[in-house]
Amino acid sequence: MISHPRRPLRRPLFRLEFAAFCEANQEAYLRYAEERIEDPAEAKRCVDTVLSALETRWIAVLGSDCPAAQVWRDLRSETGYRTGGSAGRAGKFHAVLADDQADIMLLHHRLRLPVDRAARLMGLADHDARALLRGAERNLGSLRDR
């Protein structure tokens with residue numbers, strides 16, 4: 001019988017980077033999902049779904065212009081799907097504002113994240129996030145004045 005030397009198992013490329021990305025962002029993703037979905041168990045399933053799908057295409061996402069923005073769009077889409085268009089307490093922002101404006105308002109005002117942290121989560125430059133926030137506040141103010 002011929003014995004073959006055992007080859008070491010190969011770990012997926014960039015596994016450590018994926019784990020670090022998840023560790024850095026998962027809590028904020030979960031808080032966002034909980035705020036939009038209003039069911040903690042469903043919010044956790046939502047984030048788990050997004051991160052599981054991300055893991056299978058991690059290398060491709062890393063090659064995109066802005067990985068954080070791509071993941072954020074996936075999270076927004078999945079939470080929107082799971083809310084079924086209902087306008088719960090956080091859904092009110094999404095009912096009257098553009099998606100990016102609604103998200104920056106939710107992250108900064110509802111979840112109390114600093115603008116620079118919210119910008120990184122969404123894959124935005126800090127100045128773009130601040131402009132979105134000012135625009136959202138202005139739009140909400142004009143709606144109140146009607």
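Me: Why is Cys46 called buried?

Reply: This is a predicted model, and the relative accessible area of Cys46 in it is 0%. Buried means under 20%. Cys46 is therefore buried.

Me: What makes Cys66 partly exposed?

Reply: Its relative accessibility is 26%. Partly exposed lies between the buried limit of 20% and the exposed limit of 50%. So Cys66 counts as partly exposed.

Me: What is the secondary structure of the protein chain?

Reply: It comes to eight helices and zero strands. Along the sequence the pattern reads α-α-α-α-α-α-α-α. Of the 146 residues, 38% count as buried. Take the contacts with a separation of 6 or more: residues 24 or more positions apart account for 65% of them.

Me: Why are H1 and H2 called roughly antiparallel?

Reply: H1 covers residues 15-37 and H2 covers residues 40-56. Their axes cross at roughly 150°. Angles over 145 degrees count as roughly antiparallel. The two helices are therefore roughly antiparallel to each other. Their axes come within 9 Å, and H1 passes H2 in a right-handed crossing.

Me: Which residues of H1 and H2 meet?

Reply: On the H1 side they include Phe18, Phe21, Cys22, Tyr29 and Leu30. On the H2 side they include Pro40, Cys46, Val47, Leu51 and Leu54. By class, the residues of this contact divide into 13 nonpolar, one polar and six charged. Cys46, one of the residues that meet H1, is the buried cysteine from above.

Me: What makes H1 and H4 roughly parallel?

Reply: H4 spans residues 67-83, and it packs with H1 at an angle of about 30°. Angles under 35 degrees count as roughly parallel. H1 and H4 are therefore roughly parallel to each other. Their axes are 10 Å apart. The crossing of H1 past H4 is right-handed.

Me: Which residues of H1 and H4 meet?

Reply: From H1, they include Phe21, Tyr29, Tyr32 and Ile37. From H4, they include Val71, Trp72, Leu75 and Thr79. This contact has eight nonpolar, three polar and three charged residues.

Me: What sets the phi of Glu38 apart, and where is its place?

Reply: Glu38 has a positive phi of about 70° although it is not a glycine. Its place is the loop between H1 and H2. With a relative accessible area of 38%, Glu38 is partly exposed.

Me: Why is Arg112 called exposed?

Reply: Its relative accessible area is 67%. Exposed means over 50%. So Arg112 is exposed. Arg112 sits in the loop between H6 (99-110) and H7 (115-122). Its phi is also positive, about 60°, although Arg112 is not a glycine.

Me: How do you know that Asp126 is partly exposed?

Reply: Its relative accessibility is 32%. That value lies between 20% and 50%, so Asp126 counts as partly exposed. Asp126 is found in H8, residues 126-144.

Me: Which residues is Asp126 in contact with, leaving aside its neighbours within four places in sequence?

Reply: Val115, Asp116 and Ala119. Asp116 is ten residues away along the chain, and the C-alpha atoms of Asp126 and Asp116 are separated by 5.5 Å.

Key: Residues are numbered from 1 along each chain as its sequence is written. This is a predicted model: local features need pLDDT of at least 70, side-chain atom pairs count only at pLDDT 80 or more; totals for chains, interfaces and linings use all residues. Side-chain values use heavy atoms; hydrogens and water are left out. Axes are lines fitted to C-alpha atoms, for helices over the stretch in contact, and angles run from 0 to 180 degrees between N-to-C directions. Helices (H or I, at least four residues) and strands (E, at least two) are DSSP runs, numbered from the N terminus. Angles under 35 degrees count as roughly parallel, over 145 as roughly antiparallel, 65 to 115 as roughly perpendicular and the rest as oblique. A crossing is left-handed if the near helix is turned anticlockwise from the far one by less than a right angle, and right-handed if clockwise. Contact means heavy atoms within 4.5 Å. Ala, Val, Leu, Ile, Met, Phe, Trp, Tyr, Cys and Pro count as nonpolar, Asp, Glu, Lys and Arg as charged, and the others, Gly among them, as polar. Buried means under 20% relative accessible area, exposed over 50%, partly exposed in between (1.4 Å probe, protein chains only).
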